[in-house]
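Please follow the account below with the sequence and the coordinates at hand.

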Amino acid sequence: SSTHDTLLFFSTLGKVYKLRAFQIPYSSRTAKGLPIVNLLNFEPNEKLAAVINVNMEEMQDGFFIFGTRQGLVKKTEISAFNNIRTNGIKAILLNDGDELFEVGLTDGEKDIILGASNGKAIRFSESDIRPMGRISAGVRGIKVADNERMVGMAIVNTDGDEIVIVTEKGYGKRTNVDAFRVQVRGGKGVKALNITAKNGKMVSLSTVRGDEDLLVVTDKGMIIRTHLDQILTIGRDTQGVRLI
């Protein structure tokens, strides 16, 4: 981001807050940072789910796509978020036990790929989701079992895009989006990852062009940077290579 960008902070409870980039103090790579409750009026049990850098003026015709842990998705016009109060506003209604975990930007004509912790993924057209207001709960994107959860939401921009999958034990891989056929939303999807005792469950699924660097961060705060050309492009029914 740059100094005067607008950053939107979406919480696990389905609320959205707004800050300008210059309101966040600059610090070094190894600094602890500032507690987010010092910047945003979070509730005691509220956690950060997603941060989006958005030009509200240029993106008025676009949409936010929301993804929840229980496999629900929702599409809402960006213009519905023009007036965000200091204490936040509701962005999505959540069912009991569910939480928001991912938010993306689209132009209304993209394909979306959702990934679940069981290694399944589903690709469907964004047109399958009708636009809804802020105070709504969304529709079923992918069917997940009670002991599983949705862990990734990738927006397909071109047919040349690839999907990067990362597992809980530090393995990862690239797969062409063409390997995922377009289906009707709400199903169980197709196998996107071969889960074994070595690589563990899927924890992340995202879209790349193939010329970027990948930053993988552990829950202990360690980070590794790898260029994507060092990660194999392989099929869906594979377990990947060690990243970290």
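**From surface to core**

Strand β16 (residues 213-217) contains Val-217; strands (E, at least two residues) and helices (H or I, at least four) are DSSP runs numbered from the N terminus. The model is a predicted one, in which local features need pLDDT of at least 70 and side-chain atom pairs count only at pLDDT 80 or more, while totals for chains, interfaces and linings use all residues. Residues are numbered from 1 along each chain as its sequence is written, and side-chain values use heavy atoms, with hydrogens and water left out.

Val-217 counts as exposed because its relative accessibility is 54%; the classes are buried under 20% relative accessible area, exposed over 50% and partly exposed in between, with a 1.4 Å probe and protein chains only. Together with Leu-215 and Ile-223, Val-217 makes a nonpolar surface patch of about 300 Å². Such a patch joins nonpolar side chains (Val, Leu, Ile, Met, Phe, Trp, Tyr) within 5 Å, and like charges within 9 Å, from residues with over 30% relative accessible area and no salt bridge; a salt bridge is a side-chain nitrogen of Lys or Arg within 4 Å of a carboxyl oxygen of Asp or Glu.

The aromatic rings come next. A search of the whole structure finds six aromatic pairs, defined by ring centres within 6.5 Å, with planes under 30 degrees apart counted as stacked, over 60 as edge-to-face and the rest as tilted. Phe-10 and Phe-66 form an edge-to-face pair, at 5.7 Å centre to centre and 70° between the planes. This pair links distant parts of the chain, since Phe-10 in strand β1 (residues 6-11) and Phe-66 in strand β4 (residues 63-68) are 56 residues apart. Phe-10 is buried, with a relative accessible area of 0%, and Phe-66 counts as buried at 0% relative accessibility. Tyr-17 and Phe-42 form a tilted pair, 5.1 Å centre to centre with 50° between the planes. Tyr-17 lies in strand β2 (residues 15-20) and Phe-42 in the loop between β2 and β3 (48-54), so this pair ties together parts 25 residues apart in sequence.

Phe-10 and Phe-66 also belong to one aromatic cluster with Phe-64 and Phe-81. These four residues are among those with the most contacts inside the largest nonpolar core, which has 16 residues; a nonpolar core is a set of buried Ala, Val, Leu, Ile, Met, Phe, Trp, Tyr and Cys residues joined through side-chain atoms within 4.5 Å. Strand β3 gives the largest share of this core, three residues. Another core, of 15 residues, lies apart from it and includes Val-73 and Phe-124.

Terms used. Accessible areas come from the Shrake-Rupley method with a 1.4 Å probe; for residues, only the protein chains shown count as cover.
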